Amino acid sequence: MFEPRYIKHSHLLVRHAEKTIRYRRDLLPVAKVAELEAQIAQVKAAMKVRDRKTTHEAAEKLDALLGAHTPAPRDALWRENVEVILV
């Protein structure tokens, strides 16, 4: 119920990473998917131990990998605003 903030943030990051892998598995090379899954496992292991420094470092590395392997779509700002206006 009451978890430290770094655990909550890491858990959300892991959920986001797993969702991204499911969404883009067919577009990503197998090596990149394996690398992301390995880093997710490291974050989960660090969360289980509840070591703040290790969890933070593993989460930062996972965030960097997600940013490198799954960049934001081009013109995402315009797409989002047009979608909001149309809806």
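Which residues does Val43 touch, not counting residues up to four places away in sequence? Val43 touches Ser10, Val14, Ala58, Ala59 and Leu62, where contact means heavy atoms within 4.5 Å.

The model is predicted, so local features need pLDDT of at least 70 and side-chain atom pairs count only at pLDDT 80 or more, while totals for chains, interfaces and linings use all residues. Residues are numbered from 1 along each chain as its sequence is written, and side-chain values use heavy atoms, with hydrogens and water left out.

The largest nonpolar core has 17 residues, of which Leu36, Ile40, Val43 and Leu62 touch the most other members. Such a core is a set of buried Ala, Val, Leu, Ile, Met, Phe, Trp, Tyr and Cys residues joined through side-chain atoms within 4.5 Å; buried means under 20% relative accessible area (1.4 Å probe, protein chains only). Helices H1 (5-24), H2 (30-49) and H3 (52-69) each give two or more residues to this core. H1 gives the most, with six residues. Helices are DSSP runs (H or I, at least four residues), numbered from the N terminus.

The two helix pairs are listed below, with axes fitted to C-alpha atoms over the stretch in contact and angles running from 0 to 180 degrees between N-to-C directions.

| Pair | Angle | Axis distance |
|---|---|---|
| H1 and H3 | about 30° | 10 Å |
| H1 and H2 | roughly 160° | within 10 Å |

H1 is therefore roughly parallel to H3, whereas H1 and H2 are roughly antiparallel; the cut-offs are under 35 degrees for parallel and over 145 for antiparallel.

Key. Buried means under 20% relative accessible area, exposed over 50%, partly exposed in between (1.4 Å probe, protein chains only). Angles under 35 degrees count as roughly parallel, over 145 as roughly antiparallel, 65 to 115 as roughly perpendicular and the rest as oblique.
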